[in-house]
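Please read them alongside the view.

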Amino acid sequence: DHHNRAAIELFLRAAGDRAYSLSASDSALAFYASALELVPPGDPARLELLLRRGRVLLVMGGEGPEVMTEAIEGFRANGNAEELSTALSLASSFAW
């Protein structure tokens, strides 16, 4: 059911945010990954989750800017210049 899925996604996002705020990066990454499984491509909520995941990966010294590709393409497609700028900035931070 869509409403249950949305509620679970919100819970997982909040749990990821809380874990990130406590510097529990592995847990935050797991919560965001689980939430991403529930949100279809093209959904604006997915793009926000991808940004959050990217921030955690950057702190962890993980994957490179390619993890931001879906977010960058999505924000570009929906014309969200502010979030596109955030995603591009985050992607470029991986190079530093």
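How many residues apart are E9 and R13 in helix α1?

1. E9 and R13 lie 4 residues apart in helix α1, which covers residues 2–21, so about one helical turn separates them. Please keep in mind that the model is predicted. The two side chains form a salt bridge, and their closest N and O atoms are 2.7 Å apart. E9 is buried because its relative accessibility of 7% falls under 20%. R13 is buried as well, with a relative accessible area of 14%.

2. The structure has 4 salt bridges in total. One of them joins E70 to R46, with an N to O distance of 2.5 Å. E70 belongs to helix α4 (residues 69–78) and R46 to helix α3 (residues 44–60), so this pair ties together parts 24 residues apart in sequence. As for accessibility, E70 is partly exposed, at 30% relative accessible area, whereas R46 is buried at 13%.

3. Another salt bridge links R52 with E48, at 3.0 Å from N to O. Both residues sit in helix α3, 4 residues apart, so they are about one helical turn from each other. R52 and E48 are both buried.

Key: Residues numbered from 1 in each chain as written. Predicted model: local features only at pLDDT ≥ 70, side-chain atom pairs only at ≥ 80, totals over all residues. Heavy atoms only, no water. Helix = DSSP H or I, 4+ residues; strand = E, 2+ residues; numbered from the N terminus. Buried < 20%, exposed > 50% of the residue type's maximum accessible area, 1.4 Å probe, protein only.
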